[in-house]
Structure formats: structure tokens, C-alpha cells
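Welcome, and thanks for opening the viewer. Let's walk through the model one selection at a time.

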Amino acid sequence: MNMAKKLQRMKKHISREDSPSAETKKTVPPAIRQWEKWKDAGAKLFSFEEEHCIIQETHYKLDYKHGTYTFRDAKKTIDDWAKFAGEHPLSAKGFASSDLYFFDIETTGLSGTGSVIFLLGTARIHENQVTVKQFFLPAPGNETALYKKFLQETNYTTLVTYNGKSFDWPQVKSRHTFVREKVPSLPDFGHFDLYHASRRLFKHTMDSVKLVNVEKQHLGLERINDVPGHLAPIIYFDFLERGDPEGILEVMKHNERDILSLITLYTHISRLVLDVESQQDEQTALEVAKWFEAAGNNEAAREAFEKSILSDQKEVSIDAAFRLAMQYKRAKEFQKAIPLLEKTRMAEGRYSIEAAIELAKLHEHQFKNIEKAFFMAKWALAHTTESAKKSLIEHRLNRLEKKLSKLGEK
Amino acid sequence: MWKKTLSEIVSELRGNENVIHWHELNPVEAKTCPVPEIVDERLRSALEARRVRELYTHQHSAFKAVRKKESIVAVTPTASGKTLCYNLPVLQAIAEDPTSRALYIFPTKALAQDQKSELNDIISEMGIDIKSFTYDGDTAPAIRQKVRKAGHIVITNPDMLHSAILPNHTKWVGLFENLKYVVIDELHTYRGVFGSHVANVIRRLKRICAFYGSQPIFICTSATIANPKELAEQLTGEPIRLIDNNGAPRGRKHFVFYNPPVVNEPLNIRRSATVEVNKLAREFLKNKIQTIIFARSRVRMEIILSHIQELVKNDLGPKTIRGYRGGYLPKERRAIEKGLRNGEIIGVVSTNALELGVDIGQLQVCVMTGYPGSVASTWQQAGRAGRRHGEAVIIMVASSTPIDQYIVQNPEYFFERTPESARINPENLIILVDHLKCAAYELPFGAHEPFGPIEVEDILDYLREERVLHYNNGKYHWSSQSFPAANISLRSATQENVVIVDQSDVANVKIIGEMDRLSAMTLLHDEAIYLHEGVQFQVEKLDWEHKKAYVREVDVEYYTDANLAVQLKVLEIDKTIDREKAAIHYGDVTVNILPTIFKKIKMTTFENIGSGPISLPEEEIHTSAFWLEIKDEEPEKSLEHVLMGIANVLHHVVPIHTMCDRSDIHVVSQMKAAHTGLPTIFLYDHYPGGIGLAEHVFKRFDEVKKAAQELIKKCPCQEGCPSCVGMGIEKINLKKKSIKLLDQF
């Protein structure tokens, strides 16, 4: 039986990959088909060792408003970081606005070596305009040209992404491996990942911090006529078949919107951190404070916690009080910690048992007030329901009891 | 209580009238060579600390050959120090150049775990910073990155290589750039469908190595089979040097054939092998002699286990006799292996799962319930008993099947025969297409790039038309959103396993095991009795759609046995040999398989005490078949029995000649074949696309025919019995007619 016939017969047993069922044609190699349409869209061609990549540049004035901010606001925000004292993961201190590359990619599938990146997009904020630059792979097998051009024109030590740490950049590294002999190598990269920032600040108000949702809820953006991102692979495969750039130009528009949103989102989050007035609600303010704490910027964290304690929302106020108390404890300012812990304990909220235990520790070890420590531990035991916690507290109580009886003997 | 020693039981056994053959293997002295001069001092002293002062001849030859950059296969019996055949050259290479990397491939996770602890012992004695890690489904995500970056020796299994390492090769650049050695242990297990898959995985591995500029040497080890060199060359695509000068010592071994007594003279029915095995095993176990009992199926294994536990419960604690088979959870198996090594477990009843090199130490006695199906597999199981010094006993208890009877009555056949060949067919179209997809996913596929011995461009074009690949500039690129390795399982035709859920305790529902889909059809259907560690469970519901079987513990007097209905259509005849009154064909067929009913069989008497229907969807496969056709339009009525009889015999004889499992081939006889209306016996590969077994039988039919005729002739029965052609119903001279009919082919 010949191979073709056999393949037809076995078809049912050969596992299938989901793919649209349109008829196929032989692909015409290298030259870019329907180049006229690309040209009309303003695209340029880059060629290297008989491989090609298509480059599209789009410019925006600084006064262009994308969502709630203009790009001028964005530029100012980046400059404002220079005035900010201390550490912060988003701090652009030391960078000019044009140093940052807002970055997003489109791929043919989820992570894995066989998933191809067919579009790399960046945006930079220059003195007078914002420039979006997109690098498009006209067909697999042109990746040398794609990465050559992309790496030439991008400073990948200052990327701003949405989940780029775990998706975009590993994927770039993976595909780069295929052409690494012919293009510059990829050193370590610096990174602002706005996904993690968004999770921190918005997850208490949102079920999903997908970029489109964040745009809608926080950036005043609504996507109209946008190609959903998950259709991008199918559109790309269709482009490979037919060579008509129409659909791809839509995907590029989508990618461009994503990147512009990164500028707006960076601006928005930076403003939340930089000026207290911009914080719409007190929970967000507290999250900003916790972020300072996580980043090791204790000074800024304390200042922010102090503000949060004044909140009318009891939860926010108590959360802040407990965290500030722990700050003081670590700094060995025990006297300052006591009233905050008392406040937390008396609130009988999420942290009250924790606070009572902390009080017991401080009274026992720092102030040597065993009776007070015993009282606190007893109180904690009476209020806890978790059995694991209970046994720990009982252990503490036993020890305190021994100490007490020793004291009594004396 | 006074206990008998092994030699006392052995001399009692000599007088047993059911022992029909006694074969003694004399002790063999060790043959050794000095450790080669060039071996690193630290490695040398680590070996000395393990009391290795000299190398066995085969270890020495392996080391020399690998140093000359030759790929090898070392054929070694159980407990002959085979691991040193690869650990020595690999550790030496890393000691010389710390950038060197090695990849160890074991057929199962359990073997990989064993190997890691053994390897790490040597390494810590060497005092060199060599990192060896296992990389499998159990590896914690947190340390995966460390394994990728820093592992000198990465220990894995073919499934993991296929689905996790190769498709993510860009995360393993360090390994692939510096890969010096690929170790394939238990080479003989890579046969049939599994082996055919693995050969393709190795092709993919070599492509990726070539991309990163490395050209690893392959070091394989194998149990004794007829064609280790051929198999290794087929699997690795490299020229291979065979190392078979085994230098390990061996103690005295008694190999005993035991035939249960005839209980029904005219029908030639013998007492059940299971019953005899229980008795024999009990004798050893109650004298605290460490014994392994092999059973041919999971059900049989569980039945024997429960019987023996019952028999010795007054002599030994319940935890000292354990069951062992695939489908037990890994933790359970690790505990059993450990118990055997340290002697806490006296007896283990196992399926062929313990044929593999899982480290359980060396036991004193091995009892096989029936002929394991191949010469190679018999020696493997026998190898479980026998220490380097001291006596060991191996008892094979024959069942009534034709082949068992043939083997025990013709001992020279077994002892003089070279073991079987292991066969793979990496060019099976379905398997090949699967792996070409994975390969193209991993690296774009060049239009003229080789992938094994056959031209694959047709297949690449087919995949392009299916829009799975995109052709550009001389290369085929992956162009689908999916991840092809995820849909491809190396172990069987069917992808998903059925998970077994124990809901005896409603508050504590737990998963107790799993089973492949085809086996589940006959073992886990509604109302089936499923045995697990000697405990009976009844299947309350088989949820076929979600691949879950819900079971509940029961205590009943029976087990269940399912029947399959099979339909067969010839699609295409590839080859034909014409005889005067008959013809032999080879070609492609469609088979439809449908489980129909199950029977309840009483445990003590094996009588049928009831039955029930099974309602599961039909499975359809296209496969290769071999068939015998009789050119007789108006056959005698008795022919039907003759055909069934020959089919029965072939189903027993063919697995011996092709070294496959009995379940890998199916034999069906038909009075009127659908395509010709002629009386026909079909024999087909039970795997979509075929794995070369039917073709092998077609090529060597003369040999198969002769063996079948011999078996019928030598069977002591008069008119046919279940041990040969089956029951002769009336006086139709079934045996003679069968032999005569076979002569026509």
C-alpha cells in the first residue's frame, strides 16, 4: 500500500491537532505576498541573509489621551520618580522616559519551544512623541531577521510588560535559542512587570486582573472593534495560507493597544504610589503601603501605615495598625508597638489573636511582666478555634505557668 | 518451632512425583580484570570503599569500548553489576571534565529512583561535586530549574523525555550542548509498541543534540535476548558493540519443572497450577525462606496472594507476604521493595512487574505460576532467585495450556533454545506520524532531513495539507496552537488511564490505582470483581466518559472473567503464498472489538456460577494481519472444530516465536470469512497500524507450523484437550485432522 493511501486509512488513529479546515495551497516562498497592502499600511521591509521581517512604526503626539492619562502625563510621571526617595519596584529613578521600552508579543500558542513569536511590539516615550515599533515575522523561518532587527533596536534592560517575567521574556529567550549563532546574545534583563503590580493593588476589587479588565475598571478604556488576543494564532495561520495582511493588521492594532495601555497603566500605578491624593480608596492606599513594606522601604511603609490607621474602614485601620506594630517590634521600638497591638486585639478582627500572642511575647521577654503575658495568652486561647494554634498557645501557657509559680515561691 | 533449611526442602522435592525435570546449574567462578590505570583516584577509592577492587570482565570491556567512543550494549544477567558498565565511564568522564553531561533513561520511575540513590552513594564517596537528579513527574517545580542548569547526570524515563524535556529543549541548553553519554538501561523492555515509540523519541533526542552540536555515545544494558545488538541499533540508530563476556560469579541453582497431577484421565485435566503453587510456596514461606511467586495476570496474582496469606497466617504476620504489580501506588511499591531488601517481607506475589531491575535484593526461591510466555522472560524471573554464593531454587509449575505442557514435557526445548528476539517497528505509520509532529514542533524539519531509514517527506506533506505544518524556505515549521506531545502516550494505543476510586468509606473516598483503557474494558466493567493487594472490590460504576471506576470493598466467593466479541474485515492483501488447497496471506484488516458478557467464576472450584452483560462502546482498530485460508467451498462440518483448535494452538505458539505478550496478538477462526466466504484463521497485531508481529509470522510460518504440529503430536491426550487443540466433541479425530490441515499450508 502506498504511503498516501495508508495515511488516509489511518487518519482516524493519527491524533489530530485542532486546526481550521479550509483548503490549503502551496506556499510561495520568501518574497512577501500582497506587498502593496503592507505598503499602504506604512510597513517597511528588513532583510538579512535572505530572511525578512516587516516593521511597522506608528507615532502619537504627547497630548494624545489613551484612557485617563495623556502621554505627557506619562512622561511627567517617569520624571517624578527621580524625586521619590527610597526604593520601589516600579521606580524609574535614573532613567529618562525614552529609556523605557513598553513591550508585548503575540505567539502561535502557549509556552513551549514550538510556539512561535510572530509579533514583537515596543513603545517608547520620546521628547515630543510616542513611537510604537512592531516587528512582524512574515513566515516561520525568518527568525534570524526578526531577532536581528529587534535586538538592534531595543534596549531589553528596561522593559515594561504585563506578565513578561513568566511569559513574554522566557518565550523570547526560547525562540532566540534557535538563532543564537547569528544574532547578538541575550544578557539578563531589567524589568517592570505591571501584572504583579496590578495583582497587588487591584485584586481586592477584581476577580481577574487581565489587562482588558484592568483597562476597563481603572484606566477608563473600552476596547471597540478589537480582535480578541486568543484569535491571534488562527489569524496568523490564515495569513500564512493566504498572504492577505488584512487580519494581521488588526492583530497588530490589538498589540499596539496593549502596549499603549501599558504606558497608561504604568502611569496610573506610579501615581498611586507617588501621590496619596490619587488613591481612590483606602484599601488601595493600604495595599500601596504593604507594597513599600514588601520592597523593604520601611520608612515609606511606616508613613503610609500611619495614614491608613486613620481610615474609617475598620478592617483597613486594624490591618495597618498590626503591620505598623510589627514594624516597630522589628525595629525594637517595643513601647510604640504595645498600644497598636492592644488596638488590634481589642478590635477582635482578623489579627486579634496574633496580636494577643505578640503581646504575650513582648510582656514575657521584653517587659518581664509574666502576669500580663499570662493574661494575654489566656485571652488568645479563649478566642481561638484552630486546634494547631491552640496547642501552641497551651504550650506557651504551660511555660508561663511554671514561671509564675516560681515567682510565687520567691 | 523447628524450621527446615532450604537444602532439606530441596531434597524432599527431589522425591516429589510431580517433578518431571530437574536441571542443575553449577556454580560459576568470577572472572575479573584489574581496574584500568586511567580511572581517577577518587573514583577508584570510592569503588574500593564498596569492595570493588577488580572489575568483572564485562564491566572492563564496557569501559574500554566506551573510552574508544563506541556505543555499546552490555548483556548481563540479574545481579551481575551491570550498573558499573555505565556508571564507571560516565563518572570517569565527569571527573576528567566537569562540563560533561549524561542522560540516564530508565523504563520506569521506580528504577530511576533506585539508580539515583545508588549513584549518589558512589558520588559522595568520591568526594567530587557531581550532581545527579531524577527528573520525572514527581520532581518539585522548585528544583526543576536547578536540575536543568546544574545536573551532571539527569535520570529520567522515556515518557518524561518525550513530553517534558525534548519539547522544552531551550531550557536544557546546558545539558544538550555537553551531552556525552546517553544511558539506556533495561533495553530489552523497549519492544513492541513501547519500543517503537521510544526509538522515535531517541531520533528526536539525537536531532536536538545535533542542533546543539553534541554527539552522545549510547551505553545500553539488556537482559538476555536473542538480538540485543540489533535492537540497540534499531533503537539508537547507531552502530553498537555487543559486550556479553559476563564475568560475574553465580551460586548453584536448581531449576525444577513441576507438572500438577492429572485429575481427570480421559480429558487430561490437571490440578490447577494455582493450587499447587500455593502449596509449594507455603512450604518455603513457613520455614521463613524468602520466596518470590510470579503470576501471569493481575487477577491471578491477587488470587494467589489472598490464598497464601490465608495459608501462612498462623506462621507469619500478615505484612510479611505482599503483592506487587503495576497499578499499585508508587509509595506502596517503594515500601514493599524496601521490605524485601531488608528481609522484613518474606514472600512477594508479583506480576511480571518485578521482572525489571527494581532492586529487591536476591531471594532464595522463585516459583512461577505457569510458563511466563518467553524464554527471555523466564530467565529474567528465574534471576530473582540466586545469590552470588549459596543455593537457589526455581520452580516452574505448569498450567494446562498447550504451551506450558509443551515446555515441561520438552525441557530441552527451553534449556537449549536461545532466548527470543525483541522486535520493534519504529516505522509504524501512526507512531511515526506522531513523532514527526513532535520533532517538527521541537525544531523546524528540513525537507530532506532523515528521520530513521525511510523517506518521510510524504508524511510531512500530508501534515502540511492537514495544516499542522507550514512549509517555507526548505523547512517544515510547526503551525498549530497545540502541544503535540500532550496527545501522545508511549505506553499504549489508548491515551487515558482509568482511575480506580475506592468509595467503601464514604467519608474517605480515595484513589487506589489505575489501569489502561483496553484492560479496563475487561477488568473494570460494572460488577467486575477487582482485586487489589488481596482485597476484593466490586466495581459499582465504570464511568467510561470520565475514565473513572468506582469500587467498593466486598467479600465474595468468586472472581469475574470477561468475553470479547471480535469482527474482522480485510482491507488489503499485501503478500500471498499460494498452496494447492490453501493460501497464506499478509495484509491490512479492520477489527471491531466489543466486550459482551462477563462470567462469575467460583474461586475454589473454578466453576461458572453466573454471568452478566457488559455495555461499553465498541473499539475499532486498523492493523496488520496474517491469515490462513482454505480453498474449500464446501467444507466438512468438523472443520469448524479443527480451525478453532489450530487457532488455539497458534495463539500459544506464536508469542514464543515473536517474543510478544499473548495479549499483543489475537487469533480468530471463521468458517466463512467476510471477504471470500472461505474458512480462514486470522492472526492480527492488537495495536492500531500493527507492530510487525503478523508480518514476522508470515515470513517464518514454516517454523511456526512445525512447532504447532509438534505441540499437538506430543500432547499426551487422546482426542484433543484444552492443552492443545481443545476438546474433541465427537469422535472426529481432531488431533490428526489438525496436523493434516496444517500440512496443507
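Start by selecting chain A, where buried residues make up 41% of the 410 residues; a residue is buried if 20 or more other C-beta atoms, placed from the backbone, lie within 10 Å of its own. Before going further, note that this is a predicted model, in which local features need pLDDT of at least 70 and side-chain atom pairs count only at pLDDT 80 or more, while totals for chains, interfaces and linings use all residues. Residues are numbered from 1 along each chain as its sequence is written, and chains are lettered from A and ligands numbered from 1 in the order in which they are written.

**Chain A as a whole**

Switch to a cartoon and you will find 16 helices and 9 strands in chain A; these are DSSP runs, helices being H or I with at least four residues and strands E with at least two, numbered from the N terminus. The C-alpha trace spans about 100 × 65 × 40 Å along its principal axes. Chain A has a radius of gyration of 29 Å, whereas a compact globule of 410 residues would have one near 22 Å (taken over C-alpha atoms; the globule rule is 2.2 Å times the number of residues to the power 0.38).

**A helix pair in chain A**

Next, select residues 282–294 and 314–330 of chain A, which are helices α10 and α12. Their axes lie 10 Å apart, at an angle of about 15° (axes are lines fitted to C-alpha atoms over the stretch in contact, and angles run from 0 to 180 degrees between N-to-C directions). That makes α10(A) roughly parallel to α12(A), the term for angles under 35 degrees. Show the side chains of E282(A), Q283(A), L286(A), A289(A) and E293(A) on α10(A), then V316(A), D319(A), A320(A) and R323(A) on α12(A): these make the contact, meaning C-beta atoms within 7 Å.

**Over to chain B**

Now select chain B, with its 23 helices and 32 strands. Its radius of gyration is 27 Å, close to the 27 Å that the globule rule gives for 745 residues, so chain B is as compact as a globular protein of that length. Buried residues make up 52% of chain B.

**Where the chains meet**

Finally, colour the contact between the chains: 41 residues from chain B and 30 residues from chain A. On the chain B side, elements supplying at least two residues each include α17 (429–442), α18 (457–465) and β27 (558–578). Which element gives the largest share of that side? Pick α17(B), which contributes 6 residues.

How values were computed:
Buried ≥ 20, exposed ≤ 12 C-beta atoms within 10 Å, placed from the backbone. Parallel < 35°, antiparallel > 145°, perpendicular 65-115°, else oblique. Contact = placed C-beta atoms within 7 Å.
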